[in-house]
Amino acid sequence: MARLEGYYQRQIVIRRPFQQSYREERSAFASALQQLRLSMPESKRLQIFFDVDPL
């Protein structure tokens with residue numbers, strides 16, 4: 001895990017099936033993020049960025 005300007009930074013790459021649309025994928029990620037925030041209040045300190053074309 002890298003540390004940048006006093007913050008820890010982790011990159012996670014997820015490959016998606018070609019049959020799934022970006023809209024479905026974004027909806028699934030938004031739902032998972034909302035569940036994380038509700039189940040773990042301390043996760044509100046996390047900053048999560050989605051890059052749909054990282055390469």
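Tutor: Ser43 touches Leu36 and Arg37, not counting residues up to four places away in sequence; contact here means heavy atoms within 4.5 Å. This is a predicted model, in which local features need pLDDT of at least 70 and side-chain atom pairs count only at pLDDT 80 or more, while totals for chains, interfaces and linings use all residues. Residues are numbered from 1 along each chain as its sequence is written, and side-chain values use heavy atoms, with hydrogens and water left out.

Student: Is Ser43 buried or exposed?

Tutor: Buried means under 20% relative accessible area, exposed over 50%, and partly exposed in between (1.4 Å probe, protein chains only). The relative accessible area of Ser43 is 4%, so this residue is buried.

Student: Why does Glu25 count as buried?

Tutor: Glu25 is found in helix H1. Not counting residues up to four places away in sequence, Glu25 touches Arg16 and Gln20. Glu25 counts as buried because its relative accessibility is 15%.

Student: In what order do the elements of the protein run?

Tutor: Helices (H or I, at least four residues) and strands (E, at least two) are DSSP runs, numbered from the N terminus. The protein has one helix and two strands. From the N terminus on, the order is β-β-α.

Student: Why is the protein described as more spread out than a compact globule?

Tutor: The radius of gyration is taken over C-alpha atoms, and the globule rule is 2.2 Å times the number of residues to the power 0.38. For 55 residues that rule gives 10 Å, and the protein is more spread out than a compact globule because its radius of gyration is well over this, at 13 Å.

Student: What share of the residues of the protein count as buried?

Tutor: The C-alpha trace spans about 40 × 30 × 10 Å along its principal axes. The protein exposes about 5,900 Å², of which carbon and sulfur atoms supply 54%; accessible areas come from the Shrake-Rupley method with a 1.4 Å probe, and for residues only the protein chains shown count as cover. Of the 55 residues, the buried share is 4%.
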